[in-house]
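I opened this notebook to record what I looked up about the pockets of one structure. My entries follow in the order in which I made them.

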Amino acid sequence: MACMLGGCSPTINLATPEPIKVDVGVRLDVYQKTAPTKAKDEQSSLQIAANRRLRSGEIQSLKSDRVIGEDRDGYLDIRTKPTDAKYLAYAQGVADAENADRSYLYLSNAQSQNKPLESIEREYAQLWSDRAFPGEWVQKENGTWIQK
């Protein structure tokens, strides 16, 4: 009867003749980090800004030669294809590089301002159109191209 009331658990001795030794190797590295995307974005933004500054003279020259123009979505477009294949490849390369940088810039602004990408593209398209010099190609909202 005593076993039922108090339980019939056997006694277990947990004592050891010597203390238990445990060898634990611990390495603790402490780093202070900024968000990796923020640091990468800042580096990328600085590089893109530098690239665009270096490219601006080439773009203006191509605009002045009436080879490229500003489209309604904020990107450069070849308007008059040069007959010289090397010059055409050069113009296309400059336009493609600038458009890639603008795409990054627009996407970054859309994310930071929490706006649709198309809205940012249109805002920049208006900016580039307003800044165009007389005679440069710009695309109107309806898709027609004019020389400003």
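Which element gives the most to the lining of the second largest pocket? I found that helix 4 does, with four residues; helices (H or I, at least four residues) and strands (E, at least two) are DSSP runs, numbered from the N terminus.

I noted that this is a predicted model, in which local features need pLDDT of at least 70 and side-chain atom pairs count only at pLDDT 80 or more, while totals for chains, interfaces and linings use all residues. Residues are numbered from 1 along each chain as its sequence is written, and side-chain values use heavy atoms, with hydrogens and water left out.

I then looked up the second largest pocket, which holds about 170 Å³ of space. A pocket here is an open set of points on a 1 Å grid over the protein atoms alone, where a 1.4 Å probe fits, with protein on both sides within 12 Å along at least five of seven lines, and lining residues have an atom within 4 Å of a point. The volume is the space filled by probe spheres set on the points, which are joined across faces, edges and corners.

Its lining includes Arg-122, Ala-125, Gln-126 and Ser-129, and strand 3 (137-139), like helix 4, supplies at least two residues.

Of its 14 lining residues, I listed Ile-59, Gln-60, Lys-63, Arg-102 and Trp-128 as the closest to its centre. Helix 2 (36-64), helix 3 (85-113) and helix 4 (117-131) each give two or more residues to this lining, and helix 2 gives the most, with six.
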